[in-house]
Amino acid sequence: MNSLLSTPISVFTAIVFYLTTVLLLKTDSCEGQSAVISQLQPIVASVGDDITLPCHLEPAVDAAVITFEWTRPDLNPRFVHVWHSGENLMDLQNPSFKGRTSLFSEKLKSGDISLKLSEVKPSDEGKYRCFLPLLEKDTFVELIVSAVSTSSTVGIQRVSHGAVVLQCNSTGWYPEPEVFVSVIWLMWFCWTLQVKLLLCLFSTVTLLLTV
């Protein structure tokens with residue numbers, strides 16, 4: 001009879017011990033959760049660059065076995081790159097990033113979940129969110145696409161009657177420069193050119209007189 005009574009008590013004690021242990025482990029785990037870290041300064045890139053959007057876990061944990069997302073909240077769909085339990089979920093990716101995003105797979109185990117973005121486009125400018133759903137923690141990285149010109153030439157052409165034509169061509173600017181700024185630059189260039197021509201003329205006359 002005593003053995004029959006002791007059996008339920010033993011089972012109950014074991015269950016209580018198990019639940020207490022699990023609760024303590026979960027509490028310790030919550031206290032030791034990794035923070036999601038990135039840099040505060042914006043990433044500045046030019047069109048066509050390959051850049052890295054930094055994000056890592058601190059203290060470091062193996063990120064290869066967890067789920068994390070890179071998103072742009074202003075896009076639809078918002079997903080830039082999704083990693084889920086060892087796999088890239090490319091079906092969720094926004095089409096504008098197709099074939100241009102990748103992770104540093106060899107660094108995932110050390111908690112580095114930075115995103116590489118290749119061949120930067122003007123439309124890539126914005127704020128990117130690095131998010132871990134399990135921990136409900138995130139951080140943001142801002143990307144700025146700087147002004148750039150793919151081609152620019154400045155030349156001087158002489159035409160009849162001693163006239164001089166200054167020819168300036170510039171293409172591929174992003175963002176497009178203000179016309180007012182371009183005019184000011186052109187005026188400054190012409191003024192410095194005029195000064196140089198006058199100095200050259202003065203030097204030539206002086207040399208002829210001394211001879």
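Two strands are said to pair if DSSP finds at least two bridges between them. Strands of a sheet pair through backbone hydrogen bonds, either parallel or antiparallel. In this predicted model, 6 strands form an open sheet of mixed pairing, and their order across the sheet is E2-E11-E10-E5-E6-E7. At the edges lie E2 and strand E7 (87-88), each of which pairs on one side only. The neighbours E6 and E7 are joined by 2 bridges in the antiparallel sense. Trp-83 is found opposite Asn-88 of E7.

The discussion now turns to the nonpolar core. The largest such core holds 27 residues, and those touching the most other members are Ile-51, Leu-53, Phe-68, Trp-70, Ile-113 and Tyr-128. Several strands each supply at least two residues of this core, among them strand E2 (43-45), strand E5 (67-71), strand E6 (79-84), strand E10 (126-132) and strand E11 (137-145). Strand E3 (51-53) and strand E9 (115-117) likewise each provide at least two.

Which residues does Tyr-128 contact, leaving aside its neighbours within four places in sequence? Its partners include Leu-53 and Trp-70, as well as Val-80, Phe-97 and Leu-117. Tyr-128 is also in contact with Thr-139, Phe-140, Val-141 and Leu-143.

The protein has a mean pLDDT of 75, with 54% of its residues at 70 or more. For residues 1-8 the pLDDT stays under 50, and the model shows 0 contacts beyond four places in sequence for them.

Technical notes:
Residues are numbered from 1 along each chain as its sequence is written. This is a predicted model: local features need pLDDT of at least 70, side-chain atom pairs count only at pLDDT 80 or more; totals for chains, interfaces and linings use all residues. Side-chain values use heavy atoms; hydrogens and water are left out. A nonpolar core is a set of buried Ala, Val, Leu, Ile, Met, Phe, Trp, Tyr and Cys residues joined through side-chain atoms within 4.5 Å. Buried means under 20% relative accessible area, exposed over 50%, partly exposed in between (1.4 Å probe, protein chains only). Helices (H or I, at least four residues) and strands (E, at least two) are DSSP runs, numbered from the N terminus. Contact means heavy atoms within 4.5 Å. pLDDT is the predictor's confidence in each residue, from 0 to 100.
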